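Let's take a walk through this fold together, one set of side chains at a time. Please keep the sequence and the 3D view open as you read.

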Amino acid sequence: MLTGVKNNPALSDVEKALLLHDRLALQCEYNLENTSDPSAHTIYGVFCLGTAVCQGYAYAYDYLLEQVDIEAEYCSSDSLNHAWNIVYIHNTPYHVDVTWDDPTLDMSGRVLHKNFLRSTTGIIATGHDGTDFKSTPVDTTYDNYYWQNSQTAFQLIDNETYYFNTNSEELCKLND
């Protein structure tokens, strides 16, 4: 998962966070069958079994971001019975929910970006409507960013980040 991302000075922190978000969503499938399985709540479930629940996704994403020197923290809501991450880009916090961006049932190559680098207002708009989670992300810079038009994974090709824009049906280079 870290290939081409770790120790790559050509990539911005946004690109690193985005590529890892997409790689995680592609590798893991939400565990619909046995949510009480203890491994579904761990990075072991994500990396070794390829199946997890939101807690496993959040722990795995936190671990991956740590490997590329991006600060992140675990965020959860008891009222939603859900977990995700707060990611710091240039010391500014944003919500990222890889679980909700991974289509269920799993669809090969498909990744959503509706819950990537969102403010608290932005993440609430996507359905995170609980009131018992950390709400410090207030910056709205990425709340309506163009990557939300892509439902395919961003890819690293020759040290450049590309995505398929589903609106224009074109391969585009990331402009963060």
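There are 12 aromatic pairs here, counting rings of Phe, Tyr and Trp (its six-membered ring) whose centres lie within 6.5 Å; planes under 30 degrees apart count as stacked, over 60 as edge-to-face and the rest as tilted. Tyr-59 and Tyr-74 make a stacked pair, because their ring centres are 4.8 Å apart and their planes meet at 20 degrees. Tyr-59 belongs to helix 3 and Tyr-74 to strand 3, so this pair ties together parts that are 15 residues apart in sequence. Helices (H or I, at least four residues) and strands (E, at least two) are DSSP runs, numbered from the N terminus. Tyr-59 is partly exposed, with a relative accessible area of 34%, and Tyr-74 is partly exposed at 31%. For these labels, buried means under 20% relative accessible area, exposed over 50%, and partly exposed in between (1.4 Å probe, protein chains only).

Before going further, a word on the model: it is predicted, so local features need pLDDT of at least 70 and side-chain atom pairs count only at pLDDT 80 or more, while totals for chains, interfaces and linings use all residues. Residues are numbered from 1 along each chain as its sequence is written, and side-chain values use heavy atoms, with hydrogens and water left out.

Now turn to Tyr-94 and Tyr-142, an edge-to-face pair with 5.3 Å from centre to centre and 70 degrees between the planes. Tyr-94 sits in strand 5 and Tyr-142 in the loop between helix 4 and strand 6, so the pair links distant parts of the chain, 48 residues apart. Both Tyr-94 and Tyr-142 are buried. They also belong to one aromatic cluster, together with Phe-116, Tyr-145, Tyr-146, Trp-147, Phe-154 and Tyr-163.

Contact here means heavy atoms within 4.5 Å, and axes are lines fitted to C-alpha atoms, for helices over the stretch in contact, with angles running from 0 to 180 degrees between N-to-C directions. Strand 4 (residues 82–89) is joined to strand 5 by five bridges. Look for Ile-89, whose bridge partner in strand 5 is Thr-92.

What about charged side chains? The count comes to three salt bridges, each a side-chain nitrogen of Lys or Arg within 4 Å of a carboxyl oxygen of Asp or Glu. One joins Lys-134 and Glu-73 at 2.9 Å, N to O. Lys-134 lies in the loop between helix 4 and strand 6 and Glu-73 in strand 3, so parts 61 residues apart in sequence are tied together. Lys-134 is partly exposed at 35%, and Glu-73 is partly exposed at 23%. Another salt bridge joins Asp-143 and Arg-118 at 3.4 Å, N to O. Asp-143 counts as buried at 7% relative accessibility, and Arg-118 is buried at 6%.

Arg-110 is worth a stop too; look for it in the loop between strand 5 and helix 4 (120–125). Leaving aside neighbours within four places in sequence, Arg-110 is in contact with Leu-26, Pro-103 and Gln-151. The side chains of Arg-110 and Gln-151 are joined by a polar contact of 2.8 Å. A polar contact is a pair of N or O atoms within 3.5 Å; within protein, one must be able to donate a hydrogen and the other to accept it, and residues adjacent in sequence count only if both atoms are side-chain atoms.

Finally, check the backbone. Most residues other than glycine have a negative phi. Asp-69, in the loop between helix 3 and strand 3, has a positive phi of about 60 degrees although it is not a glycine. Asp-69 is exposed, with a relative accessible area of 71%.

Terms used:
Two strands pair if DSSP finds at least two bridges between them.
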